[in-house]
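Here are my notes on this model. Please read them beside the coordinates.

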Amino acid sequence: MLGIYSIQKFSTLDFPGRLSSILWFSGCNMRCPYCYNKDVVFGKKQIEEDEIIEFLKTRIGLLDGVSFTGGEATLYPNLITFSQKIKDLGFEIKLDTNGINFKVIKEMVEKKLVDYIALDFKAPPNKFEEVTKNKYYSKFEKTLDFLIDSDIEFEIRTTVHTDLLDENDINEIIKILHNKGYKNTYYLQNFFETDKETLGNIGPQKRKLDISKIIDLIPIEFRNF
């Protein structure tokens with residue numbers, strides 16, 4: 001059963017400019033080889049909504065917001081009503097998403113149930129299925145276009161493992177974002193090596209991305225390089 005797998009009660013880093021809790025939601029509609037949240041992706045619900053709400057009531061005035069991550073939070077069937085309960089307590093919500101579930105994301109934005117979105121641009125169109133094991137780039141693109149045309153605060157980010165994506169692939173993503181009118185910062189996240197087993201057992205990169213070859217059509221920030 002999909003639902004809340006675990007909670008990190010306090011974070012100063014995850015939600016830009018806010019103190020937050022982080023909720024991990026089980027399940028995902030992608031199988032990215034570098035993902036190290038294998039236990040979350042294949043996990044089941046561990047925590048009931050009511051437990052989270054009672055905890056957040058004790059953090060009113062102490063925390064600014066709640067981050068939804070995973071896995072893929074938009075797969076959770078009760079996400080809209082759960083988000084409303086959190087908003088009713090006065091908290092802001094950040095959503096980490098791969099963008100495939102356009103309908104849920106659109107509803108959250110239009111109902112003002114989300115304040116910040118971090119959208120993962122996993123790969124350019126020609127490599128999207130290879131990297132994500134999901135063939136619906138068009139659904140991701142629909143979400144991307146919607147967010148660019150909206151007033152929501154959001155960022156685009158890409159995790160880079162050079163066994164999967166090279167400089168040409170990243171530059172292709174940058175060109176797509178530039179041509180669509182994306183004005184915010186594009187975050188390139190270097191693959192973070194960990195002892196945890198990844199979904200694809202991919203192992204360390206053979207080399208790091210050569211950032212000198214990355215074009216600067218849009219603002220770019222490099223994380224963990």
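1. Which residues form a nonpolar patch on the surface? They are Ile 211, Phe 222 and Phe 225, with about 230 Å² of accessible area together. Patch members have over 30% relative accessible area and no salt bridge, and nonpolar side chains are joined within 5 Å. Areas come from the Shrake-Rupley method with a 1.4 Å probe. Phe 225 lies in the segment after strand E8 (220-223). Its relative accessible area is 32%, partly exposed (buried is under 20%, exposed over 50%, partly exposed in between).

2. On provenance: this is a predicted model, where local features need pLDDT of at least 70, side-chain atom pairs count only at pLDDT 80 or more, and totals for chains, interfaces and linings use all residues. Residues are numbered from 1 along each chain, and side-chain values use heavy atoms, without hydrogens or water.

3. Strand E7 (residues 186-190) is mostly covered, with 5 of its 5 residues buried. Tyr 186, Leu 188 and Asn 190 point one way; Tyr 187 and Gln 189 point the other way. Strands are DSSP runs of at least two residues, helices of at least four.

4. E7 pairs in parallel with E6 (residues 153-160) over 5 bridges; pairing takes at least two DSSP bridges. Tyr 187 is the bridge partner of Arg 157. The β-α-β crossover from E6 through helix H7 (residues 167-180) to E7 is right-handed: clockwise over the helix, with the strands pointing away from the viewer. E7 also runs parallel to E8, joined by 4 bridges. There, Gln 189 stands opposite Arg 223.

5. The disulfide count is 0 (cut-off: cysteine sulfur atoms within 2.5 Å). The sulfur of Cys 28 is 6.5 Å from the closest one, in Cys 32, so it is too far for a bond. Cys 28 is buried at 18% relative accessibility.

Methods. Buried < 20%, exposed > 50% of the residue type's maximum accessible area, 1.4 Å probe, protein only. Patch = residues over 30% accessible without salt bridge, like charges linked within 9 Å, V, L, I, M, F, W, Y side chains within 5 Å. Salt bridge = Lys/Arg side-chain N within 4 Å of Asp/Glu carboxyl O.
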